[in-house]
Amino acid sequence: MRLCLRLARRGLGRTRPNPLVGAMLVRAGRVLATGWHRRAGGAHAEIEALDRLAASGGHARGATLFVNLEPCTHHGRTPPCVPRLLDAGLARVVIGMRDPDPRVRGRGIAALRRAGVGIRIGALEAECQAINQAFAFSVTHGRPRVTLKAAITLDGRIASRTGDSRWITDRRARTEAHRLRARHDAILVGATTVLRDDPRLDVRRVRGQSPIRVVLDGRLRTPVHARLLRGGGLVWIATTRAAPAARVRRLEAAGATVLRLPGRASLRIRALCRELDRRGVRSLLVEGGGETAAAFLAERCADEVVAFIAPRLLGGRAAVPMVGGTGSARVRDAVRLSWRSLQRVGDAIMVTGRVHGAR
């Protein structure tokens with residue numbers, strides 16, 4: 001199963017909206033073939049392993065299949081896997097975790113058992129759940145799993161009173177932040193960040209696929225010459241239905257997809273999350289400023305926080321905090337986190353916490 005998980009990780013950033021899956025066929029202690037899901041619309045891991053075995057002149061009759069996620073039974077962009085597994089004559093299937101997708105959710109296991117295939121469920125289950133945490137969250141909650149990320153000073157500032165923020169952390173910490181980007185389907189910033197910093201929002205510091213770039217822009221202020229529009233890949237600009245049609249046309253001509261969502265004065269974060277989920281985004285990294293972070297927290301649409309804390313003190317009442325908005329009136333009403341990890345990255349401390357009460 002550990003090999004299956006290593007194979008599955010090869011699909012990181014490429015399988016959206018599908019999960020990460022690796023598979024291995026074994027007989028008498030010998031690995032016959034392996035496979036992994038490479039991209040949405042391509043062969044699933046189990047089918048790739050069967051096809052590779054057939055191409056080499058072998059067969060899977062009497063073999064054991066190891067796979068980190070329950071085989072599917074529904075038609076999507078590809079046919080279901082279970083009929084092919086039954087045709088192959090497998091003796092046993094070892095499954096890391098049940099598929100939480102309502103279209104599967106135990107049906108694959110039941111079909112294999114009815115056909116007399118031996119089943120074992122739960123091999124390295126915690127690790128299997130971790131690799132597809134965002135997928136499982138999305139199919140059960142109807143929105144992407146959201147991570148708020150920020151580089152902050154020790155006194156909690158993301159920018160000085162003049163708006164300067166380059167660079168709070170060193171190169172090694174910024175490289176780790178790019179690895180974090182590569183693990184998400186989409187990355188989101190607010191229009192103010194685009195106007196102030198003109199970011200590329202790519203993963204140029206690491207190997208991997210850049211996520212979809214999303215701009216939260218209720219007043220449609222994103223300039224058509226913004227760098228994120230010149231870097232290739234998908235750019236979605238979320239605005240309200242009251243956005244001027246002429247600006248919509250100009251941005252679409254520049255290569256963006258404009259998402260016009262309910263609301264006239266401001267965007268509703270929950271409506272945006274539902275739309276992103278509908279478009280196949282399972283995981284969303286929010287790198288916007290303090291007001292953007294506050295908006296996600298206010299609508300209880302933030303699930304995790306990753307903060308790179310640098311050994312600097314900016315000071316100043318007008319310096320920009322990590323979380324803006326009005327804030328909590330009482331300490332007991334503060335957003336609570338459960339610490340998940342703490343590690344040194346370059347000159348920063350990378351702290352990860354789970355948000356209590358998110359939905």
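Reader: Is arginine 278 buried or exposed?

Author: Arginine 278 is exposed, with a relative accessible area of 59%; exposed means over 50%, buried under 20%, and partly exposed in between, with a 1.4 Å probe and protein chains only. The model is a predicted one, in which local features need pLDDT of at least 70, side-chain atom pairs count only at pLDDT 80 or more, and totals for chains, interfaces and linings use all residues. Residues are numbered from 1 along each chain as its sequence is written, and side-chain values use heavy atoms, with hydrogens and water left out.

Reader: Which side chain does arginine 278 meet in a salt bridge?

Author: Arginine 278 meets glutamate 275, at 2.7 Å from N to O. A salt bridge here is a side-chain nitrogen of Lys or Arg within 4 Å of a carboxyl oxygen of Asp or Glu. The two residues are three apart in helix 10 (residues 269-278), and so are separated by about one helical turn. Helices (H or I, at least four residues) and strands (E, at least two) are DSSP runs, numbered from the N terminus. Glutamate 275 is buried, at 15% relative accessible area.

Reader: How many salt bridges does the structure hold?

Author: The structure holds 17. One of them joins arginine 181 to glutamate 287, with the closest N and O atoms 2.9 Å apart. Arginine 181 lies in helix 7 (residues 171-182) and glutamate 287 in the loop between strand 12 (283-286) and helix 11 (290-298), so this pair ties together parts that are 106 residues apart in sequence. Both arginine 181 and glutamate 287 are buried.

Reader: Changing topic, how many disulfides are there?

Author: There are zero disulfides, a disulfide being a pair of cysteine sulfur atoms within 2.5 Å. For cysteine 81, the nearest cysteine sulfur is that of cysteine 72, 3.7 Å away.

Reader: Which strands are joined by four bridges?

Author: Strand 1 (residues 22-27) and strand 3 (residues 64-67), which run antiparallel. Valine 26 has threonine 64, in strand 3, as its bridge partner.

Definitions and conventions: Pairing = 2+ DSSP bridges.
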